[in-house]
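The sequence and the model are shown first.

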Amino acid sequence: MDESSTTSLGDRVRRAQRGDEVALRELIVAYQHRVAGFTYAITGRSDSVEDIVQMVFVKMARAIARLKAPEQFEPWLFRLARNTCIDHLRRQKLRRIFIPFAPEHENVPEPSGAVDTEELDALRHALAQLRPKDRALLALVQEGRSHAEIAETFKTSVAAVKARLHRAREQLRQHYHSDEN
Amino acid sequence: MKTENHAWERLREHAASQISPGFPDRVLRAARAAASPLLISHLAMCAATAAVCLVAVALYDARISGDEDATNIAGWGEIAAQASDLEQGL
């Protein structure tokens, strides 16, 4: 991101913090597709992507005034998205404990036509084999976040991020190629 | 690695296609709707807590002062009876 776009992002964030709905709308338009990709990588369900992304942006709208450093908006937004996805998966898991699904209702496949290519299907299945936190890690890397930013998001060290990322990439590669074959 | 990157690209495109038109406006409406009930429910909760505390304090105070009054009246009654006995004895 160049300096001018960082400045305009900073301006937008500051305007949104003052309650300017136009700026808030511009932020949503600018990030909706990226947050959708990030959310899909973690949850693996395209039919819940829009609902989760909406939750993320509603949280953003309500909390943006408390963001101390407007230039940190992007990592902050992806941290919000990551936490929302992990909460969603946790709630789903809890719901399954209290309302057990019949075997035929477990792992319901994506609606027909939802996954239209084999390579996407293979990636989706490979991601599903990883832990949600590892999926979030890989999705953050795909989003272009630096190791330092990811370390900040996960509240850990850069060295730990590198090690976990290496393991997650290896696992993903193994599952991806075994699904492809 | 290249095929994986291509698959990630497909994943992002597929996810982006799940966002229907008018999404930003729906988010803004939802954010507005979420903000007001929260404030109202927060204020209602504060008012209810304050009311419960006031009622509890009032009940406690009434009970304590009722007990004290009863003790005082009993004490004065006893003194009055003793005074009356003393008067009759004189």
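Two residues are in contact here when they have heavy atoms within 4.5 Å. The structure is a predicted model, and by the contact criterion chain A contributes 36 residues and chain B contributes 27 residues.

**The interface**

About 3000 Å² is buried between chain A and chain B, with carbon and sulfur atoms giving 65% of that area. On the chain A side, the residues that lose the most area to chain B are A:Glu50, A:Arg62 and A:Gln142, which together make up 20% of what that side buries.

Three salt bridges are found across the interface of chain A and chain B. A:Glu50 is paired in a salt bridge with B:Arg26, where the closest N and O atoms lie 2.4 Å apart.

Which helices of chain A each supply at least two residues of the side that touches chain B? They are α2 (21–43), α3 (49–63), α5 (118–128), α6 (132–142) and α8 (158–180). Of these, α2(A) gives the most, with eleven residues. By class, the side of chain A that touches chain B comprises 20 nonpolar, eight polar and eight charged residues.

**Pocket and cavity**

In the whole structure, the search finds one cavity of 30 Å³ or more.

| Space | Volume | Lining by class |
|---|---|---|
| Second largest pocket | about 190 Å³ | eight nonpolar, two polar, four charged residues |
| Largest cavity | about 40 Å³ | five nonpolar, two polar, two charged residues |

The second largest pocket has 14 lining residues, and those nearest its centre are A:Gly19, A:Leu24, A:Ala61, A:Arg62 and B:Ala31. Two or more lining residues come from each of α1 (3–17), α2 and α3 of chain A and from α2 (23–89) of chain B. The largest share, four residues, is supplied by α2(B).

At least two lining residues each are supplied by α2 and α6 of chain A and by α1 (2–16) of chain B.

Technical notes
Residues numbered from 1 in each chain as written. Chains lettered and ligands numbered in written order. Predicted model: local features only at pLDDT ≥ 70, side-chain atom pairs only at ≥ 80, totals over all residues. Heavy atoms only, no water. Buried area = accessible area lost by both parts, 1.4 Å probe. Salt bridge = Lys/Arg side-chain N within 4 Å of Asp/Glu carboxyl O. Nonpolar A, V, L, I, M, F, W, Y, C, P; charged D, E, K, R; others polar. 1 Å grid on protein atoms, 1.4 Å probe; cavity = no way out; pocket = protein on both sides within 12 Å on 5 of 7 lines; lining within 4 Å. Points joined across faces, edges and corners; volume = space filled by probe spheres on them.
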